[in-house]
Amino acid sequence: MVKLSERNTSFDLQVHLTKTIGDCKAAGRERMNVLDSFEMLTTEVSFLEVQFSHFKEESKARSRLFTFCNDYINMIQILLQFLRAEPRGDWLLHLSIIAAMTPHFYAFDIPNYSKWLPVYLSDMNNLPQSHPIAHQEFIYGDHSVNRSGNPISNVSSDMALEKSIKQRHLNISATCRIMTVLANTKKQQVPESRRMKNVFRVC
């Protein structure tokens, strides 16, 4: 059970933070003291983050359900960051998110990823010394492939290769189908002279 004093403290903090946000919005509308209001809001949010971290630690110690929900939310946040890193071609975010993912593969007993991701991270972190030119290209976002030319539409190299192979296979299949249809059409189109010969033979 949460103590009454803790509830009152949380309520006072919420009211104070709401008032600070309102002051920051008002300062933005009136175009006065915006920097001071923003710095105050930043301080309050930092304090709130610390308090929220304490709240999560205490709640995890009290409730296994809270621990499960908190871990699930953390995994979803990691997944969303990974989905953000790939289309943007953000190499540093890609490496940090892969590092954050790795312990979960151990926890869920996924041997291939848990075995090779540490090796991958080690090689990629040594890339500035071993292959500086490739590392610089990856920093520029060239570790992922952009086939459309549109921004924020990159895909990983293996996915791009898979799409290329599938597209090539579809093109070949479509060509084969067209050739088959044309061949069948030619078979059905009997020349006029041959049809007339068949008519005279019947007569």
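**A walk through the model**

Ile73 is found in helix 3, where a helix is a DSSP run of H or I with at least four residues, numbered from the N terminus. The model is predicted, so local features need pLDDT of at least 70 and side-chain atom pairs count only at pLDDT 80 or more, while totals for chains, interfaces and linings use all residues. Residues are numbered from 1 along each chain as its sequence is written, and side-chain values use heavy atoms, with hydrogens and water left out.

Ile73 has a relative accessible area of 46%, so this residue is partly exposed. The cut-offs are under 20% for buried, over 50% for exposed and in between for partly exposed, with a 1.4 Å probe and protein chains only. Ile73 belongs to a nonpolar surface patch together with Tyr72, Ile76, Leu79, Leu80 and Leu83, and their accessible area together is about 560 Å². In such a patch, residues have over 30% relative accessible area and no salt bridge, and nonpolar side chains (Val, Leu, Ile, Met, Phe, Trp, Tyr) are joined within 5 Å. A salt bridge is a side-chain nitrogen of Lys or Arg within 4 Å of a carboxyl oxygen of Asp or Glu. The areas come from the Shrake-Rupley method with a 1.4 Å probe, and for residues only the protein chains shown count as cover.

The largest nonpolar core has 13 residues, and Trp91, Leu95, Ile97, Ile98, Met101 and Met124 have the most contacts inside it. A nonpolar core is a set of buried Ala, Val, Leu, Ile, Met, Phe, Trp, Tyr and Cys residues joined through side-chain atoms within 4.5 Å. At least two residues of this core come from each of helix 3 (64–88), helix 4 (91–107) and helix 5 (111–125). Helix 4 gives the most, with seven residues.

Contact means heavy atoms within 4.5 Å. Leaving aside neighbours within four places in sequence, Ile97 is in contact with Ile78, Gln81 and Phe82. Thr102 lies in helix 4 and counts as buried because its relative accessibility is 8%.

What lies between helix 4 and helix 5? The loop there contains Asp109. Asp109 is exposed because its relative accessible area is 63%. Most residues other than glycine have a negative phi, whereas phi of Asp109 is near 55°, a positive value.

Note on methods: Patches are made of residues with over 30% relative accessible area and no salt bridge: like charges are joined within 9 Å, nonpolar side chains (Val, Leu, Ile, Met, Phe, Trp, Tyr) within 5 Å.
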